[in-house]
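Here is a briefing on one protein model.

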Amino acid sequence: MAKQGGVCKISAIHQWYIGCQLAADVLFAAAISIAAGGVLFYLFSFSKLWMVLVFVINLLVLLLIRKVWTVSYLSISGFLDQHYPQLEESSGLVLKSAGELNLLETLQVAKVEEQLHQIPLWHSSFFRRIKLALLLLIIALGINWAAGKYVLQSHADKTTGASIIKTTIPEKVLPQIAAVDITISPPGYTGKAKREQDKFTLNVEDGSTVTWKISTNIAVNRVSLLFNDKASVALKSLNVDKTRWQTQKAITQTGFYQVSVDGKLSDLYQVQVIKDQPPVIHIKTPRQYTYIDAGEAQKVNISATANDDYGVSNALIFATVAKGSGEAVKFKEYKLDFSASFSGHQAQYNLQKMISLPALNMEPGDELYFYIQATDTHEQQSRTDVYTVSIQDTAQLLSMDGMLSGVNQKPEFFRSERQIILDTEKLLKEKDSISTDKFKSRSNDLGVDQKLLRLRYGKFLGEESESDINPADGQDDPVGDIKNYGNANVILDKYTDKHDNAEDAEFFDPALKAQLKATLTEMWKAELQLRLYKPQDALPFEYKALRLLKDLQQKSRMYVAKTSYNPPPLKLDKRLSGDLSKISQPVNKQDIKPGTDQFENLKKAAGVLEQLKVKPQANNADLHVLSLANQQLSLQASVQPGIYLPALSAMRRILSNQNNIKLNDIALVEKAIQKTLVPVKKIPTATQAPADMGLSNDYYKNLNHLNR
């Protein structure tokens, strides 16, 4: 009976272990499904029901990987022996039948049974995975909740647009005003409908027409709007009782305004104008400078995106083809349309255009210059930089012009790449008239010639044998590493001629060495194609190698301009006469007047405000200084109302209520003045050194240090 009780205890622990592991797998699957479902929902607009499918898949994967139900009683007994020393590593005896036990094991089983009854059903390690899974689940829920709040907020901002008014200070309305109804009519280029609001603070699109309808609780004689302390707009009465007033105005600039009712001014209300931004164009392909080598398709795929805040109305490609050279160059302009339709005036367009260069009558040696110009619904235009596409002129590349003049520092065999190209083209022309074996033999011979040229060319990089060649050198430049800043040994190692190293066996600068290696790489590729009996595929690499060689040759040339000096003729009648009467000393007279400080009133006002903190009473002179500062703050508020409008209201409260000046108003005004003031530039001045050259100061410093 005791033995059966021990087996039951191990079975109960086994069930607890499996239950904890299954619960951890469920929590892990839930955390992963919530995270993955949030990504699918917020980024790809999938339904939230996909979370259930992801949860089921993750749970099945975890269960099949772990297979926690396969844990045996013997494994549980081993776990108990490891964590409970009082079992004396004998808990496995309980699982044996009575016939399998000897006398000593039977005595030990009775002792183990007593200890098993005192062991709890669970161990702290059972809950370790559950705690980790709970932590991941909480993190996933938090991220999902934050993403949901962010998406909802951004969606609300997009749908309501500029109608959302964010005010840090509640609006103060005159007591005579019972209600206000403001209708905002955005201009047609925005594509937005009319909207209404009951707040005086405005946040409107540029060019919007705003209609004010103000209702008063008593009959008044005159209602007007004062914009930026300058322009005044009177409201018209709509009824005989003079309690309903209306006016409208087109808003085109940022600022502030006040409501005047029979001469009484309201608080300052902000006017924020949302300017229409020009369209933004981004060209993905091609690169800004594109070179079409021989054998490549003479086509250009233009891929671009056009974005605008209110919509793009049109986008065009303005292309110019340049033919000829020198004084005989000719230009022809083209205007190309994209295949996209702009009738929907969408905010973003993905534009594609495949341009066939032969369709533009372009030939080898010609160049294509193009740029993209986009127009938005407000007739604002923007354009990209000019992109250049050139077609390689093989005839010019193979010409001998310029080879016989100038200083040529490259050896003669650098030009043999041209002969390899001519032989390759001749082989392609004679391909149909010769046998296959002869064609392969000649192609292989050209590959040998290319190899010999490559090896001879590699000697300029110090390559003694073919094993030293490494055309695809992708190591970083140690000179440009910030860690080697100021290290002279790195510079010497980069530029010093070292004959024991094939990479540094010649005195070449890094740029020239990189181009030499690039040329060697093209020769490698050309040789490979020739050895594979594919001379047609080898031609582009041969042309590119020749173009790089000609570029190197042009870089190596030196041109020295001849200069000469032709002195003016001397007048013999004045020579050696010593007459200096007509030679006068140069006199430079300049009156420098100190410039007027445009922020002088603000600086004085800052001093007055500091005095008001101690003694909250202002005399007439202080009030005059504060009035002048109020005018400057008014100008700043008309440009940046969001920053200076609270300070302007505080300044007016200080001027209107001199007997009850609040410290909060003073702090607001001082903060705005500090933002307005420009820090004074320090002018370098010569300082006089003391007679003892600072020895006395050093003496006292050292003396204080010793006394410590």
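Two strands pair if DSSP finds at least two bridges between them. Strands (E, at least two residues) and helices (H or I, at least four residues) are DSSP runs, numbered from the N terminus. This is a predicted model: local features need pLDDT of at least 70, side-chain atom pairs count only at pLDDT 80 or more, and totals for chains, interfaces and linings use all residues. Residues are numbered from 1 along each chain as its sequence is written, and side-chain values use heavy atoms, with hydrogens and water left out.

**Sheet**

- Five strands form an open sheet: the model has 5 strands in the order β2-β1-β4-β8-β7, with antiparallel pairing.
- The edges are β2 (195–197) and β7 (236–237). Each has a single partner strand, so one side of each is left without a neighbour in the sheet.
- β1 (residues 177–185) pairs with β2 in the antiparallel sense over 3 bridges.
- T183 has E196 in β2 as its bridge partner.

**Salt bridges**

- A salt bridge here is a side-chain nitrogen of Lys or Arg within 4 Å of a carboxyl oxygen of Asp or Glu.
- By this rule there are 14 salt bridges.
- Burial terms follow relative accessible area: buried is under 20%, exposed is over 50%, and partly exposed is in between (1.4 Å probe, protein chains only).
- R442 and E430 join their side chains in a salt bridge at 2.7 Å, N to O. The pair links distant parts of the chain, 12 residues apart: R442 sits in helix α8 (residues 436–458), E430 in the loop between α7 and α8.
- R442 is partly exposed at 23% relative accessibility. E430 is also partly exposed, with a relative accessible area of 25%.
- K613 and E670 meet through their side chains in a salt bridge at 2.8 Å, N to O. K613 lies in helix α12 (residues 600–614) and E670 in helix α15 (residues 663–676), so the pair ties together parts 57 residues apart in sequence.
- K613 counts as partly exposed at 39%, whereas E670 is buried at 12%.
- R653 and D665 form a salt bridge at 2.9 Å, N to O. This pair, too, links distant parts of the chain: R653 is in helix α14 (residues 641–656) and D665 in helix α15, 12 residues apart.
- R653 is partly exposed at 32%, whereas D665 is buried at 8%.
- D25, R66 and R129 are joined in a network of salt bridges.

**Nonpolar surface**

- F46, W50, L53, I57, V61 and I65 make a nonpolar surface patch of about 560 Å².
- Patches take residues with over 30% relative accessible area and no salt bridge; like charges are joined within 9 Å, nonpolar side chains (Val, Leu, Ile, Met, Phe, Trp, Tyr) within 5 Å. Accessible areas come from the Shrake-Rupley method with a 1.4 Å probe, and for residues only the protein chains shown count as cover.
- I65 lies in helix α2 (residues 50–66). I65 is exposed, with a relative accessible area of 63%.

**Single residues**

- T521 belongs to helix α10 (residues 510–531) and is buried at 18% relative accessible area.
- A polar atom of the T521 side chain lies 2.9 Å from the backbone oxygen of K517.
- D423 sits in helix α7 (residues 416–429) and counts as partly exposed at 27%.

Note on methods. A polar contact is a pair of N or O atoms within 3.5 Å; within protein, one must be able to donate a hydrogen and the other to accept it, and residues adjacent in sequence count only if both atoms are side-chain atoms.
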